[in-house]
Amino acid sequence: MDNEGITKEADLVRVNAIVSEYSQQKWALIPLLQKIQGEFGYIPPQSISLIAGSLGLFPSQVQGVISFYTQLYTHPRGRKVVRVCRGTACHVRGGKTILKLVKQRLDLEEGETSPDFEYTLETVACIGVCALAPNIVVSDHVHGHMNPKKVEQLFRNREGRE
Ligand code: FES
């Protein structure tokens, strides 16, 4: 997978095959987008006009739906998505420091993906387990009561930056 989105012929062939399954079924836009994202890990921007054309929609309509749903992405993401909670409970219990340490360890800023596509770093408002604050989520697994040592242990395979 590369940062330029879908550039390989094999990928375009695969997108075409998926799109043809849903052709002319306007109701199927979201399932189709989910299927393409399931295949590639994101929705290649170059596939948007193809999707729109097959469903009789404008590319701007497809783009609008992708923008509306926060679970749909038009850029490659890491195999592990790290979400650091910035909610109030986590914030007052040191969440800001945890975020800083995770950034250093992964050498990523919010919204970035590592060049090896191992990690994507995001922040979230509250993940609903405030009693365990401060929290981070790695690949949908909650890690509560975070502290500097736990950050180091969780990401010990990364060298990070000073
Ligand atoms: S504020 Fe972090 S889990 Fe609620």
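Start by selecting L29, L32, L33, I36, I51, V62 and I66: these residues have the most contacts inside the largest nonpolar core, which has 21 residues. A nonpolar core is a set of buried Ala, Val, Leu, Ile, Met, Phe, Trp, Tyr and Cys residues joined through side-chain atoms within 4.5 Å. Buried means under 20% relative accessible area, exposed over 50%, and partly exposed in between, using a 1.4 Å probe and protein chains only.

Before moving on, note that this is a predicted model, in which local features need pLDDT of at least 70 and side-chain atom pairs count only at pLDDT 80 or more, while totals for chains, interfaces and linings use all residues. Residues are numbered from 1 along each chain as its sequence is written, and side-chain values use heavy atoms, with hydrogens and water left out.

Now colour by element. The elements giving two or more residues to this core are α1 (9-21), α2, α3 (48-55) and α4, and α2 gives the most, with five residues. Helices (H or I, at least four residues) and strands (E, at least two) are DSSP runs, numbered from the N terminus.

Next, click on L33. Leaving aside neighbours within four places in sequence, L33 is in contact (heavy atoms within 4.5 Å) with I43, I51, V62, V65, I66 and L72.

Then show helix α2 (residues 29-40) together with helix α4 (residues 59-68). At what angle do the axes of α2 and α4 cross? They cross at roughly 70 degrees and come within 11 Å. Axes are lines fitted to C-alpha atoms, for helices over the stretch in contact, with angles running from 0 to 180 degrees between N-to-C directions. That makes α2 roughly perpendicular to α4, a label for angles of 65 to 115 degrees. Look between these helices: L29, I30 and L33 in α2 meet V62, V65 and I66 in α4.

Move along to strand β2 (residues 119-124) and select T120. Is T120 buried or exposed? T120 counts as buried because its relative accessibility is 2%. Beyond its neighbours within four places in sequence, T120 is in contact with R77, G78, K80, V81, V82, E112 and T113.

C85 is buried at 4% relative accessibility, and C90 is buried at 2%. The structure holds zero disulfides (pairs of cysteine sulfur atoms within 2.5 Å).

Finally, zoom out. The protein has six helices and four strands, running α-α-α-α-β-α-β-β-β-α from the N terminus. Of its 162 residues, 40% are buried.

Note on methods
Angles under 35 degrees count as roughly parallel, over 145 as roughly antiparallel, 65 to 115 as roughly perpendicular and the rest as oblique.
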